[in-house]
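Hi there,

Here is the structure I promised to pass on to you. Have a look at it first, and my notes follow below.

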Amino acid sequence: LRDRLVGAGREQVAPIGGDVKQYQAVLAPSKLSAYGIGANQAMEALAASNQNVSAGFMIEGGSEYLTTGIGRVRTLEDIGDTVVAAPDGVPVRISDLGVARIGQAPKRGEGSANAHPAVIIGIQKQPRANTLALTRALDAVLDDLQAKIPEEPSLPYRRFVYPERRRGQGDTVADPCGAEAPPEKSRVLLV
């Protein structure tokens with residue numbers, strides 16, 4: 001959601017709340033100890049197994065081809081199959097040391113709406129950005145997202161505007177909700 005909103009134009013997007021999907025390897029200390037493997041060794045093996053690397057290039061005829069070794073983790077099984085060590089030639093995998101699962105990354109804030117967990121997204125227009133064009137772009141992104149997401153969770157949103165006018169401010173911009181706001185005022189969008 002954040003990436004789609006940032007791509008709408010010149011704005012800052014600050015999400016609060018919600019979960020971020022994270023692939024996790026949960027290791028059992030007793031199994032690490034039994035195999036004589038440290039947690040750092042397992043982390044290094046996981047990092048090394050999740051990299052794409054350049055393999056150079058190949059010349060064939062008059063053409064030159066770049067080659068790449070694809071080593072990105074794609075599934076939980078890929079994580080579980082990661083070899084951490086091979087004492088006496090016998091591989092010890094992550095799945096031997098614990099479990100691979102999909103969890104949530106540590107949270108840095110919690111959002112709520114009507115006493116229920118929610119994701120709150122604050123959007124602030126950058127200086128000199130066209131307010132009307134940005135508002136239209138954000139509306140288009142939110143309408144597109146609303147049409148694509150399932151019924152639950154829903155994507156209700158409201159615009160908060162500053163309807164007051166200041167003396168000597170010049171022209172105001174029309175807000176889609178019918179209010180008027182000075183052109184330099186930011187809009188905050190709650191999702």
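Where pLDDT is low, the predicted coordinates should not be read in detail.

A word on conventions. This is a predicted model, in which local features need pLDDT of at least 70 and side-chain atom pairs count only at pLDDT 80 or more, while totals for chains, interfaces and linings use all residues. Residues are numbered from 1 along each chain as its sequence is written, and side-chain values use heavy atoms, with hydrogens and water left out.

Confidence across the protein chain has a mean pLDDT of 78, and 78% of the residues reach 70 or more. The lowest mean, 40, belongs to strand β14 (residues 188-190), and the highest, 97, to strand β6 (residues 92-93).

Now the overall picture. The protein chain has six helices and 14 strands; these are DSSP runs numbered from the N terminus, with helices being H or I of at least four residues and strands E of at least two. Of its 191 residues, 23% are buried, where buried means under 20% relative accessible area, exposed over 50%, and partly exposed in between (1.4 Å probe, protein chains only). The exposed surface comes to about 12900 Å², with carbon and sulfur atoms supplying 53% of it; areas come from the Shrake-Rupley method with a 1.4 Å probe, and for residues only the protein chains shown count as cover. Among contacts between residues at least 6 apart in sequence, 60% join residues at least 24 apart.

Some individual residues may interest you. Glutamine 24 sits in strand β2 (residues 21-27) and counts as buried because its relative accessibility is 15%. Its side chain makes a polar contact of 2.9 Å with that of glutamine 22; such a contact is a pair of N or O atoms within 3.5 Å, where within protein one must be able to donate a hydrogen and the other to accept it, and residues adjacent in sequence count only if both atoms are side-chain atoms. Leaving aside neighbours within four places in sequence, glutamine 24 touches Val99, Ala100, Arg101, Gly103 and Gln104.

Alanine 34, in helix α2 (residues 29-35), is exposed at 67% relative accessibility; its C-alpha lies 9.2 Å from that of leucine 97, 63 residues apart in sequence.

For backbone geometry, please check two loop residues. Aspartate 88 is not a glycine, yet has a positive phi of about 55°; this residue lies in the loop between β5 (83-85) and β6 and is exposed at 81%. Arginine 128, also not a glycine, has a positive phi of about 70°, lies in the loop between β10 (120-125) and α6 (131-148), and is exposed at 80%.

Finally, phenylalanine 57 in strand β3 (residues 53-60) is exposed, with a relative accessible area of 52%.

Happy to hear what you make of it!

Best wishes

Conventions. Contact = heavy atoms within 4.5 Å. pLDDT = per-residue confidence, 0-100.
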